[in-house]
Each structure stands twice: as structure tokens, then as C-alpha cells.
Amino acid sequence: MDKTYLDRGSTSLLKDIDTENYNVVLISPRAYFLFTPLLPSSTVGTVELRSIMQPIRFITRFKSREVLFIEGSCTDIDPQKKLITVEDSSEIKGEVSKQQIKYDYLVVGVGAENATFNIPGVREFACFLKESWDARKIRSQLLDSLESAAFPGQPEEEIKRLLHMVVVGGGPTGIEYAAGLHDFLEEDVKIWYPEIAGKFRITLVEATPHVLPAFSKDLIAYTEKTFAENKVTILNNTAVKKVNQKDIVVLNKDKELESIPYGLLVWATGNTARPLVADLMKKLGPTAQAQRRGLTVDEHLIVAGSDNSIYALGDASATKWAPTGQVASRQGSYLAEHFRTLYELKKKATNSDSKVLLSQVDPFVYNHRGSLAYVGGDKAIAELPGNIHLSGAATYLFWKSAYLSNLFSLRNRILVGFDWVKCKMFGRDIGR
Ligand code: NAD
């Protein structure tokens, strides 16, 4: 069964959408929004998971007319009949656990899933970084590995394995995760587990010659230098070929197969389309939907081949912009405005042909405000418009304020702010 989740685009659409003139039905298998950029921080206890969650009903209760929220997974979209199938996603099922719902307009904001490239063992043994349960699983495995390594009589080789944390993928997700782990080691493991802290190792495996390919050369060099100073090993030109329960098999830079034992394996090799999205692309046909990573949309975010009735945003769509939270959030606000204008035009129109109406609605425009990444040891990098490249401790403060201001609500900002202060005063919480 395919699960559909609401990403950042859907959150901003829901905040701004006009519920006076549209009946809004919201479908998601979980009843909260999750601010994924701070998910890596939650696995080591820098922030609490609850602080980066926003219950959907916190948003819908402020709407002028009620939004129908259904906790369920959309399992099928029929673009011809304009019908979706929704299945109850709760564990305790009532008499009815499947429903079909008609729509006039459908907005697909289901995000993407982790790309595994069908590498054997990834789904079975690696941890992802997408959902709240992924963060809980990583946290539990991380603390388990520490306790098992500290168990009396543990052989030296096994201690080495248990304390080897491996991150696969040198994109922003992998880099920020490895950076957060390094801080956890320096600021907490050394205090709470002094006897084993010296054996804690972090390795980041990247298939291409350098990490962060989307950043400029000087910022890549800065990141690699900071990692080296922090004793976080980067294995460039190294591709994972197989994942076993206790080791990964890689094709190393000398083109030889090598086994690397691990205690915790975090998989961050990018995104791919969810089955629901892939299925919709198939139904709409290869002429309209020629991209593999998501739904092709036009300048109004209308899905190609959908007869102007389906929209897509965020990681579910494939556009010329990098699939970041910033883009998704802007797309959500744009769509809210788009529907508002469409309603006004329809009210006045003598010709209600959708093509004619849409020609009067502004297309989506996006002004890139830059990319940021945390690289560990209270340092960050930033690539801003106008070819401005920043790095270091001051950039970290900028990174913090950008993430804080991008959080869903004042409540989330206060909670995360408190978490950061708590972490500085008392260290990270190593309870489970
Ligand atoms: P990504 O696609 O940016 O990076 C994945 C990396 O994994 C690539 O460098 C790839 O070469 C490597 N890889 C793939 N298969 C491999 C294998 N078998 N072995 C070793 N390495 C392998 O993925 P991401 O970091 O999850 O980011 C996804 C999107 O989200 C990007 O567009 C990114 O910009 C965005 N994002 C941005 C931020 C930020 O701005 N701070 C944070 C998180 C995500």
C-alpha cells in the first residue's frame, strides 16, 4: 500500500487556501506536519521530535470554514473519473476502511520516497531520514550501539564495529546528519561514555568525486576540510553495492570490492517518486509524463495530461528547481493564490473555458534565496544569490535563524529555541 504524506508545500497551501469558496478535503496518513530539515538533529537529541511537529488540526481550526481531514492513505488516483481511493491508515480498523472521493481539483503534495536503486539489503538494514519513526529508529540504534559497546567483555573488534557510524550519500541530508553525529560525539559521548568515546568513528560514503555537488567548489572544499579537522572520514568515489546486517560492501576508489563493518547505517542517497505518483504518471501516458523523478507540471503547477484538474507541488513534482522545502513552500502559497484568482475569474466570466481562464492567472515564479548546510562544530556554509559564498561560525547563526523562521508556527519556533538552550545548558538527552 502506498502512503501519501503532506510535505511542506501542502502545509503552506493549507495555511493560505480560501475555504469560503472551496470545500477542502485533506488526506494524510499522519495527523501532523513534520519539519524534516531538523529531523537529523532530533536523532541525537539536539531538538525534540515533538518540537518539529505541527498537528494538522492546529492549522485547520483557524480556517473560516471547516476543512474535512481524513487520516488515511490515498492508494489510487483515477484522473478520468476524477476519483481517488483512500484507505484508513490506523491500525485499529472500523467497519469501513476504504472510501472513494470525487474531486474537482486534486493537489498532489505527497513528497517522495528514499531512493535505494534496488541495492540489496538497504530497506532491510539501513535507516532512512524522512519520517518521525525513522528518527526514533536511528536514535534507538545509536544508543543501543553505545550501550552494547560498553558491555563488559565486549571483544575489541566488535566494539570497533558497534561504534562505527556510517552515512551513505554526500548530499545535504548526509552531510548535515554526519555533522550532527560529530557534535553528539564531541559534546555528549565524550562525557557520558568516556571509556569508549575514543573509539567512536563516523564515515560518510559518497559515490561521486566530491560531496555536495550542488554547491560551489570553495564551499565543497571548506566542507571537506571541516570534516577532516573533525575527524569525520569522507570516502569519495566509493559506491555502496550491497548492505548486510553488520557490514556494507562498497566498490572503493581503486575499483575493488571492500567490506566496511558498521554499528549504525544511515541511508541518504536522495529521492525517487512514490508508487502513487509513479502510477499516476503511467496513467497519464509517456507523452505527457516523460520524467522519472516526479510529475511534470506546467507554469501553473498543473500536471501535464490531467485536463487541468490535477496540480502537483514539492517533491511529488519535477521542476527545474532543486526539490527543496523553500520551493515547496512557495508553491503552496502560489497555489492558494491561484485558486483564489480562479474563483474570482469564474464568478465574472462569460466564457468559462478553463484554458481561457488560466491564461489570465499568473504563472508560478520562484526567486532562489540560496542554499544552506550545517557542517558540524558550530559551522555552516551558505550559497546566496549574487554569487555570495559564506562559511564558518557566523553562517551557523544564519543557518539557525533561517531554519527557525522556516518552522511552521510560533509554537514550533519557541519549542525548538528552548531545545537549543536546554542542549547548551544540560547537554543532549540520552534517555530513550
Ligand atoms: P541528494 O540527491 O542531494 O544526494 C544524494 C547523494 O548520494 C549524491 O551525492 C549521490 O552521488 C550519492 N549516492 C547515491 N547512491 C550512492 C551509493 N550507492 N553509494 C554512495 N553514494 C551514493 O540527496 P539529499 O541530500 O537527500 O537531498 C535531496 C534534496 O533535498 C536535494 O535537492 C537537496 O538540495 C534537498 N535538501 C536540502 C537541504 C539543505 O538545503 N540544507 C537539506 C536536505 C535536503
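The legends below accompany several close-up views of one predicted model.

Residues are numbered from 1 along each chain as its sequence is written. Because the model is predicted, local features need pLDDT of at least 70 and side-chain atom pairs count only at pLDDT 80 or more, while totals for chains, interfaces and linings use all residues.

View 1. Let us start with the overall layout. The protein is divided into domain 1 (8-24 + 63-112 + 273-358) and domain 2 (122-271 + 370-425), with bounds that come from an automatic or database domain assignment. Taken over C-alpha atoms, the centres of domain 1 and domain 2 are 34 Å apart. Six residues of domain 1 are in contact with four residues of domain 2; two residues are in contact if their C-beta atoms, placed from the backbone, lie within 7 Å. The side of domain 1 that touches domain 2 has three nonpolar, two polar and one charged residues. In these classes, Ala, Val, Leu, Ile, Met, Phe, Trp, Tyr, Cys and Pro count as nonpolar, Asp, Glu, Lys and Arg as charged, and the others, Gly among them, as polar.

View 2. Helices (H or I, at least four residues) and strands (E, at least two) are DSSP runs, numbered from the N terminus.

**View 3. A parallel sheet of four strands.** This open sheet runs in the order β11-β10-β9-β15, with parallel pairing. Its edge strands are β11 (232-235) and β15 (264-267), each of which pairs on one side only. From one strand to the next, the twist averages 20°; axes are lines fitted to C-alpha atoms, for helices over the stretch in contact, and angles run from 0 to 180 degrees between N-to-C directions. Follow β9 (residues 164-168) and β10 (residues 201-205), and you will find five bridges in the parallel sense. Two strands pair if DSSP finds at least two bridges between them.

View 4. Strands β13 (residues 247-251) and β14 (residues 257-261) are joined by five bridges in the antiparallel sense. Asp247 stands opposite Pro261 in β14, and Val250 stands opposite Glu258 in β14.

View 5. Most residues other than glycine have a negative phi. Leu212 is not a glycine, yet it has a positive phi of about 45°. Look for Leu212 in the loop between β10 and α8 (217-229). Lys231 lies in the loop between α8 and β11, and its phi is near 60°, again a positive value in a residue other than glycine. Leu212 is buried, because 23 other C-beta atoms lie within 10 Å, whereas Lys231 counts as exposed, because it has 12 C-beta neighbours inside 10 Å. For these terms, a residue is buried if 20 or more other C-beta atoms lie within 10 Å of its own, exposed if 12 or fewer, and partly exposed in between, with C-beta atoms placed from the backbone.

**View 6. The surroundings of Thr296.** Thr296 lies in strand β17 (residues 295-296). With 18 other C-beta atoms within 10 Å, Thr296 is partly exposed. Leaving aside neighbours within four places in sequence, Thr296 is in contact with Ala288, Gln289, Ala290, Gln291, Ala304 and Ala318. Thr319 is 23 residues from Thr296 along the chain, and their C-alpha atoms are separated by 6.9 Å.
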